[in-house]
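Open the model in your viewer and keep the sequence panel beside it. This tour tells you what to select next and what is there.

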Amino acid sequence: MTSTQAQIISTCDLCDAHLRDDTGAFRVLPPVFQDFGGKPAFAGPIATVKCFEDNSGVKAAVETPGNGRVLVVDGGGSVRRALVGGNVAATAAKNGWAGIVVYGAVRDIAELRETPLGIRALALMPLPTEKRGEGQSDVTVLISGVWVRPGEWLYADADGIVIGAKQL
């Protein structure tokens, strides 16, 4: 199944199918994320960036071929600076990323809504980040109390975001 085909899977259906899963292979992110993108549902294998108020790693990641992946950005939950804006989102869409989930803030809402990319984040913040060249890529991150690992699968729709240790 490609990431495009995976988009038609409902997160509610996935939760029903994995309701009794106590292995930790299936996880649900808390309902703290808002939808800011042009695609209401998306799915794909996960790539990660861990950064704090510096989107240098996010920009570098989306400049690579996305191949239907979802970039999960651990911004530490900070909403003081936007880690993704219109230019970063446009680059991600152009390079084949399925979506971006930001545990932090985004900006340029009008541009984000026009971009054919799934985007979830905690909030909007017009301030850009400082460019310090800091951050880590392809590391395990803790997003609102839920572990997310590179190579796992993320599914997002209007009902929420779920993570599977493998493609579901």
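Contact means heavy atoms within 4.5 Å. Where pLDDT is low, the predicted coordinates should not be read in detail.

Residues are numbered from 1 along each chain as its sequence is written, and side-chain values use heavy atoms, leaving out hydrogens and water.

**Helix H4**

Helices (H or I, at least four residues) and strands (E, at least two) are DSSP runs, numbered from the N terminus. Select H4, residues 86-94: Gly86, Val88, Ala89 and Ala92 are buried. They lie on the same side of H4, because they cover an arc of only 165° around the axis (taken from the directions from the helix axis to the C-beta atoms). Asn87 and Lys94, on the other side, are exposed. Buried means under 20% relative accessible area, exposed over 50%, partly exposed in between (1.4 Å probe, protein chains only). Next, show what the buried residues of H4 pack against: among them, helix H3 (56-62) and strand S7 (118-124).

**Strand S7**

Select S7: 6 of its 7 residues are buried, so the rest of the structure largely encloses it. Find Gly118 in S7; Gly99 stands opposite.

Methods: This is a predicted model: local features need pLDDT of at least 70, side-chain atom pairs count only at pLDDT 80 or more; totals for chains, interfaces and linings use all residues. Two strands pair if DSSP finds at least two bridges between them.
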